[in-house]
Structure formats: structure tokens, C-alpha cells
Amino acid sequence: DAATGKPLGELLPLERQVGRAQFSPDGRPVLTGSADNTARLWDVIDIGPDDATWLRVAVEVRTGKGFDGQGVLRALNQAEWLQRLQELEKLGGDWFAKPSGCRWGLAQAGDAGSEMKWFALDFHLRRLLVDDYDQTEGPLHAWRFVELAEQLLQNSPERPAAALEILGAAHFRAAKYPEAVKQLEEAVVKQKATGTVWTQLFLALSHHHLGDDAKAKDFMQKADAQLKKIQEDKDTPPNWQELLRAKALRQEVEELLKSPTVERPKDVP
């Protein structure tokens, strides 16, 4: 499985070094030639049902794309993707682990980056890093979050603070906590204030993992003060999507601070 690095079946019990391997035209048996001048034929695991409908739906779920009524390939929106996922479950499910919204969002973010749609990339990355973040799948894709966030920063000179806070959050998800703090602090400087709620909460998360819960709690209190101000501002209606995202992130900080502080050597930055 290229996504997880785990084998799909039993390892071939070969006693000698294999010099050559060749699959049959139907992709099932594989022929190997070894250094002991022997050739062996092996059965390969069946990776999925031999069904055209199942294959179409499975590909749409995995790629986040599908053909419309005119035969034009286009990106599925999230509602369509979830519908395909339900259809796939009715057809017997995937042969790998069940996909999550993280995979759909990552496909959309990748497309936005390729098409140079920077506001769309910002939108999808924020959802990936908080709304659709999956504790199981997220770490597997963290390097891609960082890559896309760096691409956003390089191409968003008019909104450097927003891109920096996304890059800081991506570094946090990739467990690169010193880098996360550096990017988030740069974002605070460019925000010319105390930083956004997003920045303060990811700073709290990062400092906890760096072993400094005093700083983590301080940043959480700053975020709480900003949240209160946003909710009490009667002249400016809050962005409800951002408010719900902030509350979800605030809950993550609160739960994390209940766990023991990570002990780190004094010379680690």
C-alpha cells in the first residue's frame, strides 16, 4: 500500500536474491528469477472486485474527481464526494482503510495550488488543518500540508500574515514545533497586534509540545480574550465558519493541556 507502506499480503518466502520479476498480462501471477537459477510463479493478492461500477466509484473517491454528463472531468464538491463514499460502502467498501474528508480536502488543495488559485488553497488548507483534520490520516500527509503552505506563502505577497499562520499550523501538524513557533511569531509581527485567534491557539499547542505550559496557557488566555471580544462586538457580525473553527481549535488546546508536559532537553530550541 503506497499510502501507508504496509504490505497487502504475505511476503514472498524467497531464499535467494531475486534478479528479475515479471507480472503476467492480467496482473495476477508474478514470475521471479533468483540467483540460484530457479524460476517461480507466485499468486498475487486480489486488490479489489472485478466490477466496473465499483472501480468507477472507488476511483472517484480516491481522486476527488469525476465525469459530468458531458464526459468532462471535474472536481467533485464535498457533498458529491461524500455521496460517492456512501455509494462505495454499499458496493462493498474500499479494500484499504476507509477514506476520510482529509483525503478529499488534500486533493482539492493540491488542485488549487496547481491551478494557482491562492484563495482556494488558503480555504482548503484551513479546513485541512482544523475542520477536517484526521488524527489517523493527518500525520501521514503532514509533509504535504507544509509543502502546500510554503507554496501559498511564496505566492501571497499581499497577505503574508495569513500565509505565515497557515505555514506555522502546517509545521505544527508535521510535529516541527520550533519551526511552527518561528512562523507563527512572524505572523504576529505582520498582524501588528496580538495575533489572530488562530495564531494564538497554534502557538499554545506548539509551546506545550516544546515543554512550556506557562507560555501555552498565556497564549490560550490571549485567544480567549480575542474570542470574547469578537462575540461581544455588535457592530461587526462574526464570521461563523471562522468562529466555529476557533472554538474547535480552542477545545483541542484545552484537551492537550490536560496531558503531561513534554520533557525536552534544555538545549533544544
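Q: What counts as the axis of a helix here, and how do α4 and α10 sit by that rule?

A: An axis is a line fitted to the C-alpha atoms of the stretch in contact, with angles taken between N-to-C directions. In this predicted model, the axes of helix α4 (residues 118–131) and helix α10 (residues 240–257) come within 10 Å and cross at roughly 30°. The crossing is left-handed.

Q: What makes the contact of α4 with α10, and how do its residues divide by class?
A: On the α4 side you will find Phe123, Arg126, Arg127, Val130 and Asp131, and they meet Gln241, Arg245, Ala248 and Leu249 of α10. By class, these residues are four nonpolar, one polar and four charged.

Q: Which residues of α8 and α10 meet, and what classes do they belong to?
A: From α8 come Val197, Trp198, Leu201, Phe202, Ala204, Leu205, His208 and His209. Their counterparts in α10 are Arg245, Ala246, Leu249, Arg250, Glu252, Val253, Leu256 and Leu257. The contact has 11 nonpolar, two polar and three charged residues.

Q: How do you know that Leu167 is buried or exposed?
A: Buried means under 20% relative accessible area. Leu167 has 3%, so it is buried. This residue is found in helix α6 (residues 160–173).

Q: What does Leu167 touch beyond its sequence neighbours up to four places away?
A: Leu167 touches Val146, Ala149, Glu150, Leu153 and Gln183. As for Glu147, its C-alpha is 8.8 Å from that of Leu167, with the two residues 20 apart in sequence.

Q: How do you know that β1 and β2 pair?
A: Two strands pair if there are at least two bridges between them. Five bridges join β1 to strand β2 (residues 30–34), and the two run antiparallel. Val18, for example, has Ser34 of β2 as its bridge partner.

Q: Why do β1 and β3 stand at the edges of the sheet?
A: The open sheet has three strands in the order β1-β2-β3, with antiparallel pairing. Both β1 (18–23) and β3 (39–42) have a single partner strand, so one side of each lacks a neighbour in the sheet. From one strand to the next, the twist averages 20°.

Key
Residues numbered from 1 in each chain as written. Predicted model: local features only at pLDDT ≥ 70, side-chain atom pairs only at ≥ 80, totals over all residues. Heavy atoms only, no water. Axes fitted to C-alpha atoms, helices over the stretch in contact; angles between N-to-C directions. Helix = DSSP H or I, 4+ residues; strand = E, 2+ residues; numbered from the N terminus. Left-handed = near helix turned anticlockwise from the far one by under 90°. Contact = heavy atoms within 4.5 Å. Nonpolar A, V, L, I, M, F, W, Y, C, P; charged D, E, K, R; others polar. Buried < 20%, exposed > 50% of the residue type's maximum accessible area, 1.4 Å probe, protein only.
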